[in-house]
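Have a look at the model below and keep it open as you read.

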Amino acid sequence: MSASSLPADRDAPIRFAAAVLLSAVFLAPLGMALLTSLKSPAEIVQILSLPHRPDWGNYAVAWNQIGRSFINSIAITLPGALLSVLVGAIGAFPLSQLRGRTGMIIYFFLLTGMLVPYQIVQVPLFDLMRHLGLYNTIPGMWLVHTAYGVPICTFFLRNFFASVPKSIFEAAMLDGCGPAGYFFRILLPASKSGLAALAIIQSRSIWNDLLFAMTLTSTDRARPVTVQLNALTSGLEVQYGPLMASTLISIVPVVVAYLVFQKAFVRGMLGGSSK
Amino acid sequence: MSITSATPGASRARLVYALFLALPVLLFAVFYLLPVAETILTSFQKWNGLSAHRTWVGLRNYTALFGQERFLHSLINNIKWLIFYLLAPPSLGLALALLLNREIRGETIFKVIFFLPYAIPPVAVASMWRWLYEPSHGLITVVMQSLGLGALAQNWLGNPAIVTYAIMGAALWWTAGFSFIVFSAGLRNLPSECIEAARLDGGNAWQIFWRVTFPLLWPSTIIVLGLSAVDAMRIFDIVWAMTNGGPAYASDVLATQMYDVAFGRLNMGQASAIAVTLLVMAAVFILPYITYMARHVERTEA
């Protein structure tokens, strides 16, 4: 045991205790939601007690309230994420190759889009989507999420593609591959990990979206679970048992995706922010 | 580069690139540039959002806003949110990252837990925290009562004086994980020799952090602060879902007021003027940041 590692060992138990305590605080809202979702209406006000007998009825009520919108959310999120990654990729490829002035100017423009507050476009967007006949439709939501995903997806994948060695591109050109052939046959297959990470963080932001969905959907035909949950939350008489069940149902897909694809998820978050 | 650009293949490659860029650039033009331009135009008009009829009113939407208490209050709340976002989640995220930086049992599980809330939709965060903040049976009040602090319990979301800070509590829980993972990655990439050298020179932990670790972490810090500023400018979902901007507009921010004025009151002109104010604010804070980042990218690839 060397002298320099001694202080670390001494306060290791304190740091561990702090981490446990903080974890408890971080998990408390979720734990409380879970307990509440299993309680009968009479038990709900006893917030600190465990449910007498788990009451799964709240989940039946919840599914009745949000089931349809949950399915809409899936129908919006999966194709939406796929399309936005695809469009991001075709935008990112030329930008990773054009290192001159033109490339930088287009890149800068797209970057500004990544940082614009989305609220600014809601009024014209509402108008535009009604004129396109895409208001309150699921394909309309695909289009919107793809379009507003362009900056982040392009940014993310441009950086990813730029890290692929130039020599691979040159070798492909010498083999007579052509830029399009290089993109589809070499670059995309070689970028699976980046594409997957981006698909996951795009899925998260599409699933979690409230603003666009509030502006552009109005009925069960296209309304996603966030809008439905918001309506339940701000209702006049809130029933916390079913509400917590609805809340937990609405977070299951993102939490499962996070736990299963944790590495890609974190890599995606870092990739969208750094470089 | 010099070989390919001289050959006829280069101009064909340019054509291919242009074709590739066509769709993303078109989407960007139609969904970003045009709507922003239209919002600016609409901010000088009176329009209910549905009729074909729009009246030109010049600067009247703006002059009305800047004399309006609700608007000025929203503006101040936005600045409060900006300060909050720049200070609170980055500090907590950095503290959590430092806590797990040295060898600790269960590191992986702690990491999963600290980052977990960031995956969750803001609406779900709001729904859970409304229950936590419930004034008579909510967890926070009950825990305070059991600690003998019941007198300090508040109607957290019903009291106009504290509602914004209460929402910030929920936002801190929700967003600290993002700063946490960026700082964690940054700490992992630090040259350990520097810190070791400082320790051998007899620096205490506090000195080492402020004189060595923190300056070396600058690239992570700049990312966290930049993206926190962007989030602050976009603040909407969590406020809307927790209070709708209430009670009595107390927790309103520009975005929630804009949404209410646009889709609640169908006053598109005034809503657009609020949006333009938000855009100008965002540009003032964020454009220097993008310029810095774009230059940085150029430099590292040059």
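Thr226(A), Leu229(A), Asn230(A) and Thr233(A) in helix H10 of chain A touch Val123(B), Ala124(B), Ser127(B) and Arg130(B) in helix H6 of chain B. Sort those contact residues by class and you get three nonpolar, four polar and one charged. Keep in mind that this is a predicted model. As for geometry, the axes of H10(A), residues 225-233, and H6(B), residues 122-132, come within 9 Å and cross at roughly 20 degrees. With angles under 35 degrees counting as roughly parallel, that is why H10(A) and H6(B) get that label. The crossing of H10(A) and H6(B) is left-handed.

Now for a pair within chain A. Helix H2 (residues 57-97) and helix H11 (residues 240-260) of chain A have axes that come within 8 Å and cross at roughly 45 degrees, so H2(A) and H11(A) are oblique to each other. H2(A) goes past H11(A) in a right-handed crossing. On the H2(A) side, you'll find Asn58(A), Tyr59(A), Val61(A), Ala62(A), Trp63(A), Gln65(A), Ile66(A) and Phe70(A) in the contact; they meet Gly241(A), Pro242(A), Ala245(A), Ser246(A), Leu248(A), Ile249(A) and Pro253(A) of H11(A). That contact between H2(A) and H11(A) has 11 nonpolar and four polar residues, with no charged ones.

Staying in chain A, turn to helix H4, residues 122-131. H4(A) is mostly covered, with seven of its 10 residues buried. Those buried residues are Gln122(A), Val123(A), Pro124(A), Leu125(A), Phe126(A), Asp127(A) and Met129(A). After H4(A) comes Gly133(A), which has a positive phi, near 75 degrees.

Over in chain B, helix H5 runs through residues 107-119. Its 13 residues reach 19 Å from the first C-alpha to the last, close to the 18 Å expected at 1.5 Å a residue. Which residues of H5(B) are buried? Phe110(B) is one of them, and then comes the run Val112(B), Ile113(B), Phe114(B), Phe115(B), Leu116(B), Pro117(B), Tyr118(B) and Ala119(B).

Last stop: Ala232(B), which sits in helix H11 (residues 218-233) of chain B. Is Ala232(B) buried or exposed? Ala232(B) counts as buried because its relative accessibility is 1%. Setting aside neighbours within four places in sequence, Ala232(B) is in contact with Asn78(B), Trp81(B), Leu82(B) and Tyr85(B).

Technical notes:
Residues numbered from 1 in each chain as written. Chains lettered and ligands numbered in written order. Predicted model: local features only at pLDDT ≥ 70, side-chain atom pairs only at ≥ 80, totals over all residues. Heavy atoms only, no water. Helix = DSSP H or I, 4+ residues; strand = E, 2+ residues; numbered from the N terminus. Expected span 1.5 Å × (residues − 1). Buried < 20%, exposed > 50% of the residue type's maximum accessible area, 1.4 Å probe, protein only. Axes fitted to C-alpha atoms, helices over the stretch in contact; angles between N-to-C directions. Parallel < 35°, antiparallel > 145°, perpendicular 65-115°, else oblique. Left-handed = near helix turned anticlockwise from the far one by under 90°. Contact = heavy atoms within 4.5 Å. Nonpolar A, V, L, I, M, F, W, Y, C, P; charged D, E, K, R; others polar.
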